[in-house]
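Dear colleague,

I am passing on the structure we spoke about, together with a summary of what was found in it. Please look through the sequence and the model first, and then read the notes below alongside them.

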Amino acid sequence: MHKDIEKIIFSEEEIKNKIKELANRINNDYRGKKLILIGILKGSFIFISDLIRAIDLQVQVDFMAISSYGDAMESSGVVKINKDLDKSIEGQEVLIVEDIIDGGLTMKYLINTLSARNPKSLKTCALLDKKERRVIDVNVDYIGFEIADLFVVGYGLDYAQLYRNLPYIGVLKPEVYKK
Ligand code: PRP
Ligand code: 7HP
């Protein structure tokens, strides 16, 4: 375990199994259809790369880069698009893929922005859902794990842009935040 991690919340094995479960549901729900996964950078890059390999459909991928947190641990509530999609999603089946839903402002913004582009369908997927923290109601169609109000890192999730490379999801030691 990394020296800055206090506790592992989800192991590599648990994440792997959860991704299989989510992909099975997605495969069944979109059987015979073409799907576009939209990964929200940076946090979702590891999750989406494992998820897409477990999906057995005609599937494309595109990315958006959004910033709402910067290096802070609380959402600023101001969402900014740093990179938009490369292609139109009009008339397409679209699934937004996030690492985590916290207050919900980012996902709400994405749903509003992307539904205005007239996709055939728009659904949402997040590996982690911190329901207790919600400040705005948002619909998440595929949820990996519900988690308590803990700041977690690893498997794409960062603190001050670090720890995204950890293969598990864990909680940092409190002294790391005080540095
Ligand atoms: C994180 C996460 C979500 C968002 C969730 O992104 O990846 O996009 O915050 O927060 P919310 O539900 O309170 O809006 P962050 O801004 O930290 O950027 P990153 O993905 O580059 O780490
Ligand atoms: C954003 C975010 N990034 C990393 N860890 C968490 O627990 C987070 N919640 N919202």
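**Helices and the main sheet**

Helix α2 (residues 45–54) lies across β2 (34–41), β3 (58–67), β5 and β6, and runs at about 160 degrees to β2. Here, contact means heavy atoms within 4.5 Å, and helices (H or I, at least four residues) and strands (E, at least two) are DSSP runs numbered from the N terminus. The angles, which go from 0 to 180 degrees, are taken between the N-to-C directions of axes, these being lines fitted to C-alpha atoms, for helices over the stretch in contact.

Before going further, please keep in mind that this is a predicted model, in which local features need pLDDT of at least 70 and side-chain atom pairs count only at pLDDT 80 or more, whereas totals for chains, interfaces and linings use all residues. Residues are numbered from 1 along each chain as its sequence is written, chains are lettered from A and ligands numbered from 1 in the order in which they are written, and side-chain values use heavy atoms, with hydrogens and water left out.

Helix α3 (residues 105–115) lies across β2, β3, β4, β5 and β6, and its direction is at about 165 degrees to β5. The strands named so far belong to an open sheet of six, in the order β4-β3-β2-β5-β6-β7, with mixed pairing; two strands are said to pair if DSSP finds at least two bridges between them. At the edges are β4 (80–83) and β7 (142–146), each of which pairs on one side only, and the twist from one strand to the next averages 30 degrees. Within this sheet, β5 (residues 93–101) and β6 (residues 121–129) are paired in the parallel sense over eight bridges, and Ile96 stands opposite Thr124 in β6.

Three strands make up another open sheet, in the order β1-β9-β8, with antiparallel pairing, and its edge strands, β1 and β8, each pair on one side only. Strand β1 (residues 5–10) is joined to β9 (residues 169–172) by four bridges, with Ile8 opposite Gly170 and Phe10 partnered by Ile169. Strand β8 (residues 152–153) is joined to β9 by two bridges, and there the bridge partner of Val153 is Gly170.

**Around ligand 1**

Which residues come nearest to ligand 1? Of the 17 residues around it (those with a heavy atom within 4 Å), they are Glu98, Asp99, Asp102, Gly104 and Thr106. Polar side-chain atoms lie 2.6 Å from an oxygen atom of ligand 1 in the case of Asp99, 2.5 Å in the case of Thr106 and 3.0 Å in the case of Arg164. Taken alone, ligand 1 exposes 510 Å², of which the protein buries 92%, with accessible areas coming from the Shrake-Rupley method with a 1.4 Å probe. The elements giving two or more residues to the shell are β5 and α3, and β5 supplies the largest share, four residues.

**Two backbone details**

The peptide bond from Leu41 to Lys42 is cis, with omega near 0 degrees, and Lys42 lies in the loop between β2 and α2. Ala160, in the loop between β8 and β9, has a phi near 50 degrees, a positive value in a residue other than glycine.

With best wishes

Methods: Polar contact = N/O pair within 3.5 Å; in protein donor to acceptor, adjacent residues only side chain to side chain.
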